2 protein chains.
Amino acid sequence: MKNKYLGIFENELYGNILPFWMKHSPDWKYGGYFTCLDRKGRVYDDRKYMWLLGRMVWMFSKLYNTVEKKKEWLRLAKLGADFMMKHGKAPDGRIYFSLTRDGRPYSMQRKIFSECFYALGLGEYAKAAGDKIIYNDALDIFRKTVELSRNPSKLGRPRLSGQEQTSSLAVPMILLNLAEELETPENSGYFAKIRKECVKEIRMHIRPEMKVVLETVQADGKFIDTTEGRLVNPGHAIEAGWFLIHHALKENDRELIKLGQNMIDWSFDIGWDKKYGGIYQFLAINGHVPVQPEWNMKYFWPVAEASYASLLLYSLTGRKKYFDRFRKVSDYALGHFSDPEYGGWFGYLDRQGERVYGLKGTPYKAFFHIPRFLLYSINLLKQGAEK
Amino acid sequence: MKNKYLGIFENELYGNILPFWMKHSPDWKYGGYFTCLDRKGRVYDDRKYMWLLGRMVWMFSKLYNTVEKKKEWLRLAKLGADFMMKHGKAPDGRIYFSLTRDGRPYSMQRKIFSECFYALGLGEYAKAAGDKIIYNDALDIFRKTVELSRNPSKLGRPRLSGQEQTSSLAVPMILLNLAEELETPENSGYFAKIRKECVKEIRMHIRPEMKVVLETVQADGKFIDTTEGRLVNPGHAIEAGWFLIHHALKENDRELIKLGQNMIDWSFDIGWDKKYGGIYQFLAINGHVPVQPEWNMKYFWPVAEASYASLLLYSLTGRKKYFDRFRKVSDYALGHFSDPEYGGWFGYLDRQGERVYGLKGTPYKAFFHIPRFLLYSINLLKQGAEK
């Protein structure tokens, strides 16, 4: 059974996802990648989005660094990395959110994630290119990102007197993931401290008494009784769960592994739609519903995260229920999102599972969650096969 | 038939919508209105949203000014207006987007609409209260809003070198509507100029050769071949159409009336879902789909706008097709959104027409589009009855 999924996943990654993005996404004229691709891979908007460029640079570099030293993967990583380094930074050192096709700045978010994905992509690419200067650039942006995360007013969002200071799950989880990706023996002291702070902040979002992970809490961890404070993003919490387990495995911390397992279990239990399958985009606690009208839609990335997280828990516990969950989620994901006709994955379904459109890439969806969960799952399935 | 709808609409406004919001929305302790109300009217988030406060102050004042001098309507308008005047303004004169229940500032948008709805609400309330100072405050905010709309960088959104200067349909249409509401004989020269500029800018969004109204064009009117440039918001375009007709009726401009009619006809033709009914939230031109995953959902306000716009066109042309359209849209709207059990209207349906939740109010939905289209339609239905 595991070998069956190994074959399916390898075929999906190397026979479907990679060819689609390698063929349609690179901009060989101006550099970087097109991410707004329709069902057939045609570019419907030629702007460059830094979240996605950073993520794709990371993905191509990761394939090169961990799977095979294929020159075309390195060349693709370089195409994105060069564009980011040349055009991505504003004069004040912040990273733009979007640029024109030829690299002129188009928009800046009041969030830290352009910086995060810049550091993620360039850090992995530096390993592939063996370039210490690029690694230091990534590390520098990471340090700035940590500072920005502690002083959100520097993002152009001054805190007003009625607004509580909050902690958003997205921040410690991405910083923890970045620490996993960027840490080297030379800076392990710095990153150990960062990781410890991230784990502490993630813990504040976990509510064992309710079996739930909250997206937003007060900076001191207190519950906020508003729409934001009651919001649950189950896919996000599942992703944070496996980030935490990766960290815990490194630290050999059994209590933290169990905590990550709980985050994944609880979030899957409330997030999985028992009637139609798929994972709800948003939920709310205490009998509320989220105010977002799209809350019950099924997006591509939560099931990608849940598939890998389930397999990870299976590999750690050997419990059949996790393999069954992996199978259920993967079958749903492949069955609903993969497009055997034109390649790639669709992105967005309504609650019942009907596609809202055929687009393969958007300003927020490209070549990242899907190839990452496939690659990471393949690694686990191979380990199992070798045992 | 018209008398049937007059009865239905009067009952809906005075027997359903008004009682629900008068009972559950006022905050008699701190002033202002609660707008986050669940199906039964219970407050699920107690923050105050300035878009909605301004709109509700306008609505209660309009009822008082044009229907009946009911003291309770004036008292309700005052409850919101006092809160807005006391707490709504930032030190730099901008208007906050949201505040805590007791009036401390919570968030500020990089958009002009908090200012717009401040001016709208206070302008109508000034008439009800007979207070020239409040009217001048509304007018002052309106003037500032016009300035902000011409210098978006003052909103904290500096224009980057790769970004084209754009015109967003939302801006000239709301300013035109505000001119209709705020103009007095003393300042008709100023407002005539404003209205002329708004009409000119709205015209740039109209594409007769494609029979479509675009949300975003370049500042000089050129088409932008991006996701934003191809976007159509049919409900918005229909609302802009009747704003334009109101202006044109005042100016007795037959060409402009015809233009507004075209905007409504084209937008309804592409916006109405012939399979399931309702109006799509977003569409795109040239064979594209919008990137917004929620594009095919059915929101409450586009059908409210389309219902009134159809009746307005019927009253102007006498053509049966417009009354048939009014009937079709109204039957859909009342059948899908009105809640006879607990009062008020639901807000959001999936494409097929199934409710995504029972909430009656949110940070973006309160007591405005629904009572406005009911009141304006009642006025037209009464005129017809008197003919």
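Biologist: What should I keep in mind before I start?

Modeller: This is a predicted model, where local features need pLDDT of at least 70, side-chain atom pairs count only at pLDDT 80 or more, and totals for chains, interfaces and linings use all residues. Residues are numbered from 1 along each chain as its sequence is written, chains are lettered from A and ligands numbered from 1 in the order in which they are written, and side-chain values use heavy atoms, with hydrogens and water left out.

Biologist: Which rotation and shift superpose chain B on chain A?

Modeller: In general, two copies of a chain are related by a rotation about an axis and a shift along it. Here a rotation of 180 degrees with 0.0 Å of shift along the axis places chain B on chain A, with an RMSD of 0.0 Å. That is the relation of a two-fold axis. The superposition is by least squares on the C-alpha atoms of residues with pLDDT of at least 70 in both copies. As for contacts (heavy atoms within 4.5 Å), the same surface serves both copies, since 100% of the contact residues of chain B recur in chain A.

Biologist: Which residue of chain B comes closest to the rotation axis?

Modeller: That is Glu294(B), with its C-alpha at 3.0 Å from the axis.

Biologist: Now the helices. How do I read the packing of α10(B) and α11(B)?

Modeller: Two packed helices are described by the angle between their axes and the distance between the axes. Helices (H or I, at least four residues) and strands (E, at least two) are DSSP runs numbered from the N terminus. Axes are lines fitted to C-alpha atoms, for helices over the stretch in contact, and angles run from 0 to 180 degrees between N-to-C directions. For α10(B) (residues 300-317) and α11(B) (residues 320-337), the axes come within 8 Å and cross at roughly 155 degrees. The two helices are therefore roughly antiparallel to each other. The words for angles are set so: under 35 degrees is roughly parallel, over 145 roughly antiparallel, 65 to 115 roughly perpendicular, and the rest oblique.

Biologist: Which residues meet there?

Modeller: Among them are Phe300(B), Val303(B) and Tyr314(B) on α10(B), and Phe323(B), Phe326(B) and Phe337(B) on α11(B). By class, this contact has 13 nonpolar, 4 polar and 2 charged residues. Ala, Val, Leu, Ile, Met, Phe, Trp, Tyr, Cys and Pro count as nonpolar, Asp, Glu, Lys and Arg as charged, and the others, Gly among them, as polar.

Biologist: What about α9(B) and α10(B)?

Modeller: The axes of α9(B) (residues 254-271) and α10(B) come within 11 Å and cross at roughly 135 degrees. That makes α9(B) oblique to α10(B). The contact includes Ile257(B), Ile264(B) and Phe268(B) of α9(B) with Ala306(B), Leu313(B) and Leu316(B) of α10(B). The classes here are 7 nonpolar, 2 polar and 1 charged.

Biologist: And how do α2(A) and α3(A) pack?

Modeller: α2(A) (residues 50-66) and α3(A) (residues 71-87) pack at about 150 degrees, with their axes 8 Å apart. They are therefore roughly antiparallel to each other. Leu53(A) and Phe60(A) of α2(A) and Trp73(A) and Phe83(A) of α3(A) are among the contact residues. This contact has 13 nonpolar, 3 polar and no charged residues.

Biologist: Last, what is the strand order of the sheet in chain A?

Modeller: Two strands pair if DSSP finds at least two bridges between them. Chain A has an open sheet of 3 strands in the order β3-β4-β5, with antiparallel pairing. β3 (48-49) and β5 (105-107) of chain A are at the edges with a single partner strand each, so one side of each is left without a neighbour in the sheet. β3(A) pairs with β4(A) (residues 98-99) over 2 bridges, and Tyr49(A) stands opposite Ser98(A).

Biologist: Which residue is the bridge partner of Tyr49(B) in β4(B)?

Modeller: Ser98(B) is that partner. In chain B, too, an open sheet of 3 strands has the order β3-β4-β5, with antiparallel pairing.
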